[in-house]
Amino acid sequence: MISKAENICDLEQIVDSLLKKEQDYLAEIKLLKEQLKFFKNMVFSRKSEKETVEDKQLSLFEMPEELFPLAEKMNDEEPSIEVPAHKRKKRGRKPIPDNLPRVDALHDIPESEKLCECGCIKECIGQEVSEQLDIIPQKIQVIRHIRPQYACKSCEGVESNGPTVAIAPMPEQIIPKSIATPGLIAYVLVAKFVDALPFYRQEKQFLRIGVEISRASMCGWAQKVADALELLLDFLKKEILTGPLIQIDETPTQVLNEPNKKNTTKSYMWVFRGGPREKPGILFEYHASRSGDAAVAFLKGYHGVVQTDGYAGYGFLDTADGIEPMGCWAHVRRKFHDVVKALGSSQKGERKQGYADQALKYIRELYRIEKYAKEQNLTGDALVSVRREKAKPILDEFETWLTCRREDVPPKSLLGKAVSYTSKQWHRLVTYIEYADVTLDNNMAENTIRPFAIGRKNWLFNASPKGAAASAAMYSLIETAKANGLEPYWYLRYIIEKIPDAMTEEDYLALLPQNLDQSQLAGPPVHY
């Protein structure tokens, strides 16, 4: 027979079990609500991470914590800055560039109106000039290569050991016997890889001006140009590996007819940015997977800093000889900013600031120090010194703050994931303190890969791995040209003309964007 005490004990255990389940359910509901609000914000809210005026006006902490004195100091009002008096620029239409050709259109009064009522002829005392922009649709022309033939009518070549008929050779061409000039090939390539205009749309544009150029022909031109520039890309890679910093990023792409893969599976386009800071080089590489083997192969023999995001495929950097891994503070900031967006605001339009806001405050201070150093044109040891003096204390306190937060927040929540990500990446995030050539984030690599992502929305996929590799070659040279201040069309036209004559290493190096100036490229059309 069960005693009354045993019944009471069983009931207490049941109540405790139910209370624990209730707490678990409530925690799960809270987490799901947070995720739902986050996904709604991703779809419907503004994508910018910039702070609103409201965010700046609210205080950072409810109560200052003695453990974080810098945080309390950062919570004070920012000092006011006096802006010197200046003249406000008038808004309006920007002037038309002076380098554009002008065509005069004279609008004169009739001769009868030039006769004054007094009987004299009116004299011109000035003129009023206004300008409008006009455009002439793209014009296509045919270059006729005329090569006179010479022969001796006296001996008909009997006295000569050479050919009977003498004729000048055709200029070397990147695509022999092609109807396309370097100008046309460069135009087609820039339209696709800069303006994100697929070949089938260009085909329709050419038809509108009375020329039939199939998309298959344009695709073939791109492939042959990429093959001809393979050696130039090898030299570009060598230039990237000579720099003190290499930034890496990757983005998915769809490639058809990939061996042993379904057409619906993802492939990846990798980007490597590096070389001398003033003359950066950018190299795109196509790979069938996101495996870190792509980065391992590229970095073979490299010694310096490598900056990436927190993707697990870059884990080998922690043990690679001669490589110092660097993390990305922009990714850290983004994760805490996602928490702020998921929290939303109250009905009054105000929100109590919490842990995520505290983290953003620390990160904001780090960026403020970098902005100050940039304004002061600090480089080398001077920049490292400023970082040690001003940024190091903030980093030390932020690290302590993260340690405390790991005990306070649920690990599966957005805040918990942000804290965990930052803590795991910490040994990489603090690397920049000692290296003047390293920036806080990997944004330059991300900005470099963005044109590819925009183009991907238009042409959707590559028909083959070979085509994807050709696209990588074109993006490499175009983005490197843009990074070095060159106009892509004139650069591509220049190297397509010159590459057939390149023989030595010096010839190829001279064709890299880092070694060219825009004044060498732009000019009148080339006459053959």
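Let me start with K192, which lies over the face of W459, 5.7 Å from the ring centre; a charge counts as over a ring if NZ of Lys or CZ of Arg is within 6 Å of the ring centre and within 35 degrees of the ring normal. A second case is R290, whose charged end sits over the ring of Y311 at 3.8 Å from its centre.

Please keep in mind that this is a predicted model, in which local features need pLDDT of at least 70 and side-chain atom pairs count only at pLDDT 80 or more, while totals for chains, interfaces and linings use all residues. Residues are numbered from 1 along each chain as its sequence is written, and side-chain values use heavy atoms, with hydrogens and water left out.

I turn to the aromatic residues. The structure holds 19 aromatic pairs; rings of Phe, Tyr and Trp (its six-membered ring) pair if their centres lie within 6.5 Å, and planes under 30 degrees apart count as stacked, over 60 as edge-to-face and the rest as tilted. One of the pairs is W329 with W426, edge-to-face, at 5.8 Å centre to centre and 80° between the planes. Because W329 belongs to helix α9 (residues 329-343) and W426 to helix α13 (residues 426-429), this pair ties together parts 97 residues apart in sequence. Helices here are DSSP runs (H or I, at least four residues), numbered from the N terminus. W329 and W426 are both buried, that is, under 20% relative accessible area with a 1.4 Å probe, protein chains only. W329 and W426 also belong to one aromatic cluster, together with F336, Y355, Y362, F398 and W401.

F452 and W459 are both buried.

Next, E479, in helix α15 (residues 465-483). Is E479 buried or exposed? E479 is buried, with a relative accessible area of 6%. Its side chain makes a polar contact of 3.1 Å with that of K482. Leaving aside residues up to four places away in sequence, E479 touches I282, F284, T448 and P451, contact meaning heavy atoms within 4.5 Å.

Finally, confidence. The mean pLDDT (the predictor's confidence in each residue, from 0 to 100) is 83 for the protein, and 82% of its residues reach 70 or more. Over residues 52-65 pLDDT stays under 50, and the model has 25 contacts there beyond four places in sequence. Residues 523-528 are also below 50, with nine contacts beyond near neighbours in sequence. Where pLDDT is low, the predicted coordinates should not be read in detail.

Note on methods. Helix = DSSP H or I, 4+ residues; strand = E, 2+ residues; numbered from the N terminus. Buried < 20%, exposed > 50% of the residue type's maximum accessible area, 1.4 Å probe, protein only. Polar contact = N/O pair within 3.5 Å; in protein donor to acceptor, adjacent residues only side chain to side chain.
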